[in-house]
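Thank you all for making the time this morning.

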Amino acid sequence: MLLNVYIFLEKYLLCYIFIMYTTDDLRKYEKYLEVIDAQLKEFFTEQSPYVFCKEGCCQCCQIGEYPISQLEFMYLNIGMTTLSVVDLEDINAKFKQLKLDKASHNSDEPFTYECPFLKDNRCLLYNFRGLI
């Protein structure tokens, strides 16, 4: 059942992506991400004595709020098409639990959580991630 729902959503979301954003728009966004990534790489190199991020570091993804733009959401959905059914099921379960947790969150403090795309301290959608 989940696979059928996913296939439907995949087709629907990809159609929606291309209705909302053309292929050219997505290419422009990818170029923009390349520029930002290059600038961040330069920044992290310059600040290496003070920044301890490295591959496998997920400190920023373990607890936080993760607002994304509509374009980032669309791009994440393209990335979702690259994942295995097992990973999709895990993500789906995490989102269901997040929905329950958020509904029962009674604090004035912001609702924070682990990014649902994090698995074994790695981002399943790293190449499609939103801007941090």
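Predicted model: local features only at pLDDT ≥ 70, side-chain atom pairs only at ≥ 80, totals over all residues.

Let me begin with K28, which at 52% relative accessibility counts as exposed, because the cut-off for that class is over 50%.

What does K28 form a salt bridge with? The partner is D24, and the closest N and O atoms of the two side chains are 3.5 Å apart. D24, for its part, has a relative accessibility of 40% and therefore counts as partly exposed. The two residues are four apart in helix α2, so about one helical turn separates K28 from D24.

At 1.5 Å a residue, the 24 residues of α2 should span 34 Å, and the C-alpha atoms at its ends are 35 Å apart, which agrees. Which residues of α2 are buried? Among them are L26, Y29, L33 and I36. Together with L40 and F44, F43 makes a nonpolar surface patch of about 260 Å².

Now let me return to the salt bridges, of which the structure holds five. K119 and D87 meet through their side chains in one of them, at 2.5 Å from N to O. This pair links distant parts of the chain, since K119 sits in strand β1 (residues 118-119) and D87 in helix α5, 32 residues apart. Are K119 and D87 buried or exposed, or something in between? K119 is partly exposed, with a relative accessible area of 30%, whereas D87 is buried, with a relative accessible area of 12%.

K119 also forms a salt bridge with D90, where the closest N and O atoms are 3.6 Å apart. Here too the pair links distant parts of the chain, with D90 in helix α5 and K119 in strand β1, 29 residues apart. D90 has a relative accessible area of 33% and is partly exposed. Taken together, D87, D90 and K119 are linked in a network of salt bridges.

The largest nonpolar core has 15 residues, and the members that touch the most others are Y75, M80, L83, F117 and L125. Helices α2, α4 (70-80) and α5 (85-103) each supply at least two residues of this core, and the largest share, five residues, comes from α4. If we take F117 and set aside residues up to four places away in sequence, F117 touches L76, M80, I91, F95, R122, C123, L124 and L125.

F128 is placed in the segment after β2 (122-123), and F128 is buried, with a relative accessible area of 18%. Which residues is F128 in contact with, leaving aside its neighbours within four places in sequence? The list is Y75, L76, I78, G79 and T82. Y75 is 53 residues from F128 along the chain, yet their C-alpha atoms are separated by 6.1 Å. S69 lies in the loop between α3 (59-62) and α4, and at 33% relative accessibility S69 counts as partly exposed.

Finally, the overall picture. The secondary structure of the protein chain comes to five helices and two strands, running α-α-α-α-α-β-β from the N terminus on. Of the 132 residues, 25% count as buried, and the chain exposes about 9900 Å², with carbon and sulfur atoms supplying 59% of that area. Among contacts in the chain with a separation of 6 or more, residues 24 or more positions apart account for 79%.

Technical notes. Residues numbered from 1 in each chain as written. Heavy atoms only, no water. Patch = residues over 30% accessible without salt bridge, like charges linked within 9 Å, V, L, I, M, F, W, Y side chains within 5 Å. Areas by Shrake-Rupley, 256 points an atom, 1.4 Å probe, with all protein chains shown as cover. Salt bridge = Lys/Arg side-chain N within 4 Å of Asp/Glu carboxyl O. Core = buried A, V, L, I, M, F, W, Y, C linked by side-chain atoms within 4.5 Å. Buried < 20%, exposed > 50% of the residue type's maximum accessible area, 1.4 Å probe, protein only. Contact = heavy atoms within 4.5 Å. Expected span 1.5 Å × (residues − 1).
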